[in-house]
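Please examine the sequence and the structure shown below.

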Amino acid sequence: MKKLFALALAMMMALCTLTALAEDLIIVATNPEYPPFEYVEGDAVVGYDIDMWAAIAEKAGIAFDPKTNIEAMDFDAVISAVAANPNYIGLSGISITDERKLTVNFSEGYINAGLVVIVKADSGFETADQLKGKLIGVQLGTTSDFAAEEITGLENVAQYKTFLNAVMDLQGNKLDAVIIDKPVGQAILASLNDPSLVIVDMGLQADWYGIEVNKNNPELLEKINKALAELQAEGFFEQLAVKYFSSNEEAAE
């Protein structure tokens with residue numbers, strides 16, 4: 001009888017351990033089509049955000065394996081995944097907005113990636129007012145999407161799955177401009193090496209990125225913010241800026 005009791009107790013403890021492990025397992029929901037923040041290299045998701053999360057996880061005691069703890073999805077599905085799953089975090093160059101705060105919690109901002117505009121070098125566009133009525137490309141569901149609607153009206157906003165697709169249509173003269181997060185725009189133009197495209201800062205808005213956390217997991221949010229503060233104090237973000245933005249360190253200011 002004692003042996004049966006001991007066996008049952010052991011099985012219960014093992015089940016509790018597995019349950020705890022499942023609850024502690026954090027899945028990173030991301031759209032890996034957003035270089036340099038997250039993108040696919042070989043068969044792995046890499047980038048600024050992934051390096052940052054690895055450092056946060058190490059400080060916070062959170063298990064993280066980039067091969068198994070990342071779930072790729074469309075950008076506009078990330079917030080829904082986090083809102084529905086307490087063990088998910090959203091990490092995909094996500095701007096902190098009041099509207100999104102209604103659905104999820106956000107960490108402290110970790111990078112100010114203000115919005116800029118990519119146009120043809122000979123376009124003559126220098127101000128947002130000049131883009132009124134023009135066809136502007138954006139990535140669906142991003143803050144650039146909302147900014148473009150305010151400038152040119154919904155009927156003149158072309159929504160794309162990725163910023164790269166929008167910029168390529170600008171190359172092909174199908175758009176007048178693309179509104180984009182500054183470091184992402186810098187990375188795309190560097191990869192395309194097309195002198196006919198330039199970035200213009202029209203003073204649209206500051207754009208702080210944060211990590212989305214389920215509203216029912218305040219403990220995780222506290223751990224993340226504590227780790228972010230420690231990494232900031234240690235100069236970690238300056239190192240990331242050098243790695244991913246090269247001479248464009250100002251993107252991390």
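Asn193 lies in the loop between α7 (182–192) and β13 (197–200); helices (H or I, at least four residues) and strands (E, at least two) are DSSP runs, numbered from the N terminus. This is a predicted model, in which local features need pLDDT of at least 70, side-chain atom pairs count only at pLDDT 80 or more, and totals for chains, interfaces and linings use all residues. Residues are numbered from 1 along each chain as its sequence is written, and side-chain values use heavy atoms, with hydrogens and water left out.

**Backbone features in loops**
- Most residues other than glycine have a negative phi, and most peptide bonds are trans.
- Asn193 has a positive phi, near 50°, and is exposed at 65% relative accessibility (buried is under 20% relative accessible area, exposed over 50%, partly exposed in between, with a 1.4 Å probe and protein chains only).
- Asn173, in the loop between α6 (163–171) and β12 (177–181), also has a positive phi, near 65°.
- Asn173 is exposed, with a relative accessible area of 59%.
- The peptide bond from Pro35 to Pro36 is cis, with omega near 5°, and Pro36 belongs to the loop between β2 (33–34) and β3 (38–41).

**Packing of two helices**
- Helix α2 (residues 48–60) packs against helix α9 (residues 236–245) at an angle of about 155°, with the axes 10 Å apart; axes are lines fitted to C-alpha atoms, for helices over the stretch in contact, and angles run from 0 to 180 degrees between N-to-C directions.
- The two helices are therefore roughly antiparallel (under 35 degrees is roughly parallel, over 145 roughly antiparallel, 65 to 115 roughly perpendicular and the rest oblique).
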